[in-house]
Amino acid sequence: QVQLKESGGGLVQPGGSLRLSCAASGSTSGIHAMGWFRQAPGKEREFLATIRWSGGSYGNTYYADSVKGRASISRDRATGTIYLQMSNLSPDDTAVYYCAAGRPITSTMRTTGGYTSWGQGTQVTVSS
């Protein structure tokens, strides 16, 4: 079983940036990808970005169109940690941000169904 712990959320001013961290522990050898999703009140959980953790596509990154160009996902394999950096934040980015891990295939890479382990989430509020 994989445990995920997010950190780095909080209050951000419009136009600002954030950097979230997610540390994985437990049975991490079976992880094929780790990613970030978010969920705003009254909305479905939304894919943001993911990074391949193993195999021939190790290190490949994938982004949602809604954040492409202002989001960057990275990983530190030695510590089992991934990061999400986002810039130019607006109130529309207010949400609970979740880290996820699993063995998604190409068709499920951007869906919640592709991931089997989830963190508890960290709140990000963009407001002046």
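Student: Is phenylalanine 47 buried or exposed?

Tutor: This is a predicted model. In it, phenylalanine 47 has a relative accessible area of 7%, so it is buried, the cut-off being under 20%.

Student: And what about phenylalanine 37, buried or exposed?

Tutor: Phenylalanine 37 is buried, at a relative accessible area of 0%.

Student: OK, aromatic pairs. How many are there?

Tutor: The count comes to four. In one of them, the ring centres of phenylalanine 37 and phenylalanine 47 are 5.5 Å apart and the planes are at 70°, so that pair is edge-to-face. Phenylalanine 37 sits in strand E4 and phenylalanine 47 in strand E5, ten residues apart.

Student: Why is the pair of phenylalanine 37 and tryptophan 118 called edge-to-face?

Tutor: Their planes are at 65°, and the cut-off is over 60, so the pair is edge-to-face; the centres are 5.0 Å apart. Tryptophan 118 belongs to strand E10, 81 residues from phenylalanine 37. Tryptophan 118 is partly exposed, with a relative accessible area of 27%.

Student: Which residues do the ring pairs link into a cluster?

Tutor: Phe37, Phe47, Tyr115 and Trp118.

Student: Switching to strands. What stands opposite phenylalanine 37 in E9?

Tutor: Tyrosine 98. Strands E4 and E9 run antiparallel, joined by seven bridges.

Student: Why is E9 largely enclosed?

Tutor: Seven of its eight residues are buried, so the rest of the structure largely encloses E9.

How values were computed
Residues numbered from 1 in each chain as written. Predicted model: local features only at pLDDT ≥ 70, side-chain atom pairs only at ≥ 80, totals over all residues. Heavy atoms only, no water. Buried < 20%, exposed > 50% of the residue type's maximum accessible area, 1.4 Å probe, protein only. Helix = DSSP H or I, 4+ residues; strand = E, 2+ residues; numbered from the N terminus. Pairing = 2+ DSSP bridges. Phe/Tyr/Trp six-rings, centres within 6.5 Å; stacked < 30°, edge-to-face > 60°.
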